[in-house]
Amino acid sequence: MFPYQTFVDMEKSRVTSPIDLHVENVLRRGYTVLENLISPEECEDYCQRLDVLWDRQVAEFGDERLRQLKDHGIVRCPLSQDRKFTELVMHPRVLEVLDRVLGSTAILHLQNGIVVHPTTVHQQSLFHRDFAKSFISNHPLSINVLWAMRPFTKETGATWVVPGTHNTQLVPSDEYTEANAVQLEASPGSAVLFDSMLWHGGGQNKTDRRRHAVNHQYTKPFIKQQIDLPVLLAGMYDPETPLGQKLGFWAIPPKSIAEFRADPDKRTYRPGQG
Ligand SMILES: O=C(O)CCC(=O)C(=O)O
């Protein structure tokens, strides 16, 4: 234990459960790792599903076009083609931390499968913010949850983060990044939960095997989604469920004055969502 001095009007963070420490990690250094949320067998199943969806998206859009769009290796919105992926969105251990950091009315902004092919340099390996804003909010607005489906090691290209950089407007210098970047090695089935303002980037996959991951971004419900999920998923998922809320079905802007003036219980942007 490290003893602290006490000062008037200064409250100390308290940890009474493991969730408290995860929350404090996210607020202070920008990230936390939730270990072993699902089994290695389930991860392998997800990898196979991602390979199937990746092949399908290549068949639809073409390898060359996806490279041109810098979208090579990204499986866009897997849950729109395979319901299994909703289990990641709604994983209870993720949601208990997410609810504390972002609030229970947070919605899914995007879900992307990431298939890092051997020896290719993928777009996400350039350091970036996923919520690429030039201002700092005093409350988190957006949180990422990146699931490792294959081992995240130095060789497979574990994700790099630059701790604490979610709290400063300026882009970190090369020297700061060089001195402070941390590569997050993690076993399959673990998830890195981070503030989307945190500077981070994928590592290089130096193995001869694909490295699979699934990235999620959740935001406050008033922020637009990457793809309009209530439109994309209409008829596929029940809006009247906790999953429906997370997919954004409870935070739809009214499409007319009449919809805006509907009774509160009929509003498309439901009361209490924030
Ligand atoms: O694949 C990785 O390790 C990082 C992915 C990433 O940075 C992203 O999707 O924003």
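Visitor: Which way do the residues of strand 7 point?
Guide: In this predicted model, Ala191, Leu193 and Asp195 point one way from strand 7, while Val192 and Phe194 point the other way. All of them are buried.

Visitor: What does that say about strand 7 as a whole?
Guide: Strand 7 covers residues 191-195, and five of the five are buried, so the strand is largely enclosed by the rest of the structure.

Visitor: Which way does strand 1 run against strand 7, parallel or antiparallel?
Guide: Antiparallel, with four bridges joining strand 1, residues 31-34, to strand 7. Leu34 stands opposite Ala191 there.

Visitor: And how many bridges join strand 4 to strand 7?
Guide: Five, and strand 4 (residues 142-148) also runs antiparallel to strand 7. In this pairing Asn144 stands opposite Phe194.

Visitor: Switching to the ligand. Which residues are around it?
Guide: Ile114, Gln124, Asp130, Thr159, His200, Gly201, Gly202, Ala213 and Asn215.

Visitor: How does that shell split by class?
Guide: Two residues are nonpolar, six are polar and one is charged. Strand 8 (200-201) and strand 9 (211-219) each supply at least two residues of the shell.

Visitor: Now helix 2. How far does it reach?
Guide: From first C-alpha to last, helix 2 (residues 40-61) reaches 31 Å, close to the 32 Å expected for its 22 residues at 1.5 Å a residue. Gly62 follows the helix, with a positive phi near 90 degrees.

Visitor: Which residues of helix 2 are buried?
Guide: Cys43, Tyr46, Cys47, Arg49, Leu50, Leu53, Trp54 and Gln57.

Visitor: What covers them?
Guide: The cover includes strand 2 (74-76), strand 3 (107-116) and strand 9. Strand 9 also supplies residues to the ligand shell.

Notes: Residues numbered from 1 in each chain as written. Predicted model: local features only at pLDDT ≥ 70, side-chain atom pairs only at ≥ 80, totals over all residues. Buried ≥ 20, exposed ≤ 12 C-beta atoms within 10 Å, placed from the backbone. Pairing = 2+ DSSP bridges. Near = placed C-beta within 6 Å. Nonpolar A, V, L, I, M, F, W, Y, C, P; charged D, E, K, R; others polar. Expected span 1.5 Å × (residues − 1). Contact = placed C-beta atoms within 7 Å.
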